[in-house]
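Trainee: Please take a close look at one part of this structure for me. I would like to see how it sits in its chain.

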There are 2 protein chains.
Amino acid sequence: MTAEIIAIGTELLTPFRQDTNSLYLTEKLNQLGIEVGYKTVVGDRLEDLISVARIALERAQLVIFMGGLGPTEDDLTREAVAEALNLPLRRDPDIVAALYARFASRRMKMPENNAKQGDIITGAIPLENAKGTAPGQWLEGSVGNLNKVIILLPGPPHELRPMFDVHCFERLRARFTDSRQYIATRLLKVAMMAESECDARVAPIYKKHPQVETTILGGGGEVQLHLRATAASQQKAEELVENLAEKLEEELDDFVFSSGGESLEQIAQYYLEMRGATIAVAESCTGGLLGERLTSVSGSSRSFLGGAIVYSNHLKTAFAGVPSQVIAQHGAVSREVAVAMAEGIRVKCKATLGVGITGVAGPTGGSEEKPVGLVYHALADGKKTEVVKRDFPGDRDRIRWYASQQALDMVRRKLM
Amino acid sequence: MTAEIIAIGTELLTPFRQDTNSLYLTEKLNQLGIEVGYKTVVGDRLEDLISVARIALERAQLVIFMGGLGPTEDDLTREAVAEALNLPLRRDPDIVAALYARFASRRMKMPENNAKQGDIITGAIPLENAKGTAPGQWLEGSVGNLNKVIILLPGPPHELRPMFDVHCFERLRARFTDSRQYIATRLLKVAMMAESECDARVAPIYKKHPQVETTILGGGGEVQLHLRATAASQQKAEELVENLAEKLEEELDDFVFSSGGESLEQIAQYYLEMRGATIAVAESCTGGLLGERLTSVSGSSRSFLGGAIVYSNHLKTAFAGVPSQVIAQHGAVSREVAVAMAEGIRVKCKATLGVGITGVAGPTGGSEEKPVGLVYHALADGKKTEVVKRDFPGDRDRIRWYASQQALDMVRRKLM
């Protein structure tokens, strides 16, 4: 059972854009026991598309096309797949009517070219696009003597993902059910530990579990341990990953912040709610990133009150109550200012916890004493204030990300 | 002149790893006037590799294989390409001797399997690997009646890049010198316009310029127009894109915010500095995202003073000076509160410009009167305050992103 994933779009053949949808789809397909055998990227030229479709239909049992379903002249996936399969397109009146209605509801006139999004390959089932205009398509049919499943999905990730999850995942499970392979996966996430250190600690353990495939990935202040087992029953597969996961969690202890796929901000918000705590932030070098991450979690208003972005020294004093003589004496990037920011914002916002971050994100502004990458993180709870000083590697983006990661991890550990 | 780039390795067909070498190679190839027509990812199975190699040799004039050159059982690229070309491998005694010497210099005995890294396709030139053991290969030859160039490169980026730069770039230039193709590109970025509307406006123009390839990409409140022309001289190619770019800019007028690749936040910061203006933000539903974007630009402290994340009503009053009766009368998500936030934060931070954003990011918290996606954006300059009300589609992330995009665009238009 081999799948091929085809990403369509001339922009994906430039140095600027890259297909990332295939990673998402691969994860889902693997959950169904379907392996990806080939990935292809091709541009918008009709002949190229047709030829790529023919090759894929020859060598894979499941072919997923991504992109090229929009209303523009460049969107030729429907035409190409229909041609490769020798099937005509039909214009679906319901889809076209829905397109007109969608534009009308926004008091806009639909441009004529939009109607081609209603072109469906004969025999295909249209897949509703909850997040955009272009429907997807699901088609089962014989190519030569072989039964194939062909799926057309839109390119934008926020359209592709829900469409695949809602309309394709269970259909694929039903369609390929006789393969009787059960797969269990587990993802352990580890905060603020180097990948090599993590691997050195866990390798002796997972090597004793060869039935579980273990992949270690690091980056951005987080290490992920992906576990995966295949067995003749779901229960057996779950047992295999569970058994290894327990031993890994024992070894890594409280460095593991999630075993259910949650992000660090979700875990921090989870603990805040569980403890009935509120939080406020005072950010300098992260410029709003910590607030943005905390509020990216739905329902965060129950625990996140707000805070201040205090780039200028004036605002460190005005919003976070940092005494100006502390800044004058120790400099804006200092342990003392971080502490005063955390304590000050906590009081101003009447929050249970206050966070202060100040550092040098670079690329300019560093000095011998306070180099680029130096960041102080403080967490105040009204009784005591802890401070963590770090020297982060990397560029501006990475330093800011690490700093937000460190602060979230301090919140998690505080409430754990 | 079409190139195909083939990435080899089963790990590249998992959800966790992705080929990024091809972006690097594409940039270099484009500099030589060589277009990438196809990218393929394939696993380590010999039959799959041979088949992929045959297809590529059929449809491309330049085929670059990446990976599968190491000493392990899985490393089968040499064998597969030799088989696809019907050429025998020969073991190069100089390379094998150098491999032995390399191990000996580290006082290690070379494992037997390492010798296969000396297998060279008959007629190929070995390419020295300055950063690892596996040499690359360069082969020119006829496939059918056509002359092809075939390159085998190692997979690790730190080995591949210098090998390509040192041993392949100039060879490719010399090899394809008679085609004398020069390429010019231009990227126009458009803010807050739907992709289909943008296409409807520019298609009649770019269709009159068939010598320029135009690709339209939309998403996240931004449409990108990628222009690209090939000509017999660099000057001619530049003229072609310049000519079309001018006409497109004329049509789209001030919706075009960048023609040099800059992001909207970079442009906003650019105008702020140019005007000697400072800015402060008061964010509710965006939770820090606008501040984060403005401060992602290096040097932003020259114009960005800071601001407040005012999730709670208490903080809207405390930090942004919004009178509590305005919140009581109109609700936290209202035109009046957005205006008061922008004006209040401007005064509190002593900035030239103040921005206020308040809205319903969802997924919960919406009502019939104030649905999810409703966002008010206000920009105050001390004389007048403008407000833009928008109903954004999409999920929490997208609504927040659109809102930050809208606010940045208002800043840009104000200072333009």
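Mentor: Start with Pro363(B), which lies in the loop between β15 (353–359) and β16 (374–380) of chain B. Helices (H or I, at least four residues) and strands (E, at least two) are DSSP runs, numbered from the N terminus. This is a predicted model, in which local features need pLDDT of at least 70 and side-chain atom pairs count only at pLDDT 80 or more, while totals for chains, interfaces and linings use all residues. Residues are numbered from 1 along each chain as its sequence is written, chains are lettered from A and ligands numbered from 1 in the order in which they are written, and side-chain values use heavy atoms, with hydrogens and water left out.

The peptide bond that leads from Gly362(B) into Pro363(B) is cis, with omega near 0°. In chain A, Pro363(A) lies in the loop between β15 (353–359) and β16 (374–380), and a cis peptide bond with omega of about 0° joins Gly362(A) to it. Most peptide bonds are trans, and most residues other than glycine have a negative phi.

Chain B also has residues with a positive phi. Lys350(B) lies in the loop between α12 (335–349) and β15; its phi is near 55°, a positive value in a residue other than glycine. Lys350(B) is exposed, with a relative accessible area of 62%. Here exposed means over 50% relative accessible area, buried under 20%, and partly exposed in between (1.4 Å probe, protein chains only). Asn86(B) is not a glycine either, and has a positive phi of about 60°. Asn86(B) is in the loop between α3 (77–85) and β4 (89–91) of chain B and counts as exposed because its relative accessibility is 69%.

Ile150(A) counts as buried because its relative accessible area is 1%. Beyond its neighbours within four places in sequence, Ile150(A) is in contact (heavy atoms within 4.5 Å) with residues including Leu57(A), Val63(A), Phe65(A) and Trp138(A). Ile150(A) and Ala98(A) are 52 residues apart in sequence, and 24 Å apart in space, C-alpha to C-alpha.

Last, chain A as a whole. Its secondary structure comes to 13 helices and 17 strands, and its C-alpha trace spans about 80 × 60 × 40 Å along its principal axes. Of the 416 residues of chain A, 56% count as buried.
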